[in-house]
Amino acid sequence: MADVVSTGLYPLPPGASPILGVEVSGYVEQIGEECSGRFSVGDRCMALLLGGGYSEYAVASECCTLHAPPSLSMQTLASIPEQWMTAYQLLFTVGGVKAGDTVLLHASASGVGQAAIQLATQAGAKCISTCRSDEKVQVCLQMGAIAAFNIKDHGDDFSSLVKEANGGQGVSVVLDPVGGSYAAQTLESMGVESRWVLYGLMGGKGIEDAMFLKKIMGKRITLTGSTLRARSDAYKEKLALALEAEAVPRIVSGEFKVLIDSTHDMTTEGVHTAHRIMQRNENIGKIVLQVESSSKRAKTEEA
């Protein structure tokens, strides 16, 4: 997603800051007059933003701000709101995943993918993952996927592998941030009356197959496009409350893992390094940018 966001190809919703960054952790510095009283100045918190996270101070809506358990580091907290709310939304609100489903996850070594594997598995679904390195395959298997494939080894021809892993059957649900370049194989991997949730276009917007729509109809597939950033505050609040109740306690207990690839200082050099890692598709899990003042305050708090 880094290329899409940093090159201006991800349209900003109304009122969003043009500054990058949609998830943060830190301390409450000020509280708006219309807030309900859930937070006090000095509280540790994490939040989903419309934008503006690449900064020392950021403005967050109360409905998208979560209390931060004291046992979790600021780096871990900064890796939770966007990726886990997105994964929860895609799986359950949009995809309707339930026990017994088989979910195909593309680009599943991402932060969203790693969260989705764990959430779906905990709900009683099975996960099959695609990614683009052997190291990422192993991480997906460790997180709970029943099968994972480095599709670079198969010329992006993965449908037969997916069906074999699922007992010869097509999958029930697909979470797809890739789009065009995977579309033909994704469709072939799906079962009758399955659900296809498209939440990114990293592999292009177009599909060359003139029969594509007919094939969608033939399998009675439900194809749904989904984004989170432009959703209403009420919609995001429901996700935040669900995350706080169902996922955060499991993160605290260690049942769910928040995978952090690397942490970099929020300096020109640090930001450039972080973006190069994303653009090269080298990361496994989240890349965190750390503001120096937050680091100092955390050390003071621990002392």
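Trainee: Hi! How do β1 and strand β2 pair?

Mentor: Hello! In this predicted model, β1 and strand β2 (residues 44–48) run in the antiparallel sense, paired over 5 bridges.

Trainee: Nice. Which residue stands opposite L48 in β2?

Mentor: That would be E23.

Trainee: And what sheet do the strands form, in which order?

Mentor: There are 3 strands in an open sheet, ordered β1-β2-β3, with antiparallel pairing. The edge strands, each pairing on one side only, are β1 (23–27) and β3 (65–67). On average, neighbouring strands of this sheet are turned by 25° against each other, direction ignored.

Trainee: OK, what about helices on those strands? Where does α3 lie?

Mentor: α3 lies across β1 and β2, and runs at about 55° to β2. Helix α9 (residues 233–253) also packs on the sheet, where it touches β2 and β3. The direction of α9 makes about 20° with that of β3.

Trainee: Switching topic: how do the axes of helix α3 and helix α4 cross?

Mentor: The axes of α3 (residues 81–94) and α4 (residues 111–122) come within 8 Å and cross at roughly 55°. The two helices are therefore oblique to each other.

Trainee: Is that crossing left-handed or right-handed?

Mentor: Right-handed, as α3 passes α4.

Trainee: Which residues meet there?

Mentor: From α3, they include W84, Y88, L91 and F92. Among those in α4 are V112, A115, A116 and L119.

Trainee: How many of the contact residues are nonpolar, polar or charged?

Mentor: The contact of α3 with α4 has 11 nonpolar and 4 polar residues, and no charged ones.

Key
Residues numbered from 1 in each chain as written. Predicted model: local features only at pLDDT ≥ 70, side-chain atom pairs only at ≥ 80, totals over all residues. Heavy atoms only, no water. Axes fitted to C-alpha atoms, helices over the stretch in contact; angles between N-to-C directions. Helix = DSSP H or I, 4+ residues; strand = E, 2+ residues; numbered from the N terminus. Parallel < 35°, antiparallel > 145°, perpendicular 65-115°, else oblique. Left-handed = near helix turned anticlockwise from the far one by under 90°. Contact = heavy atoms within 4.5 Å. Nonpolar A, V, L, I, M, F, W, Y, C, P; charged D, E, K, R; others polar. Pairing = 2+ DSSP bridges.
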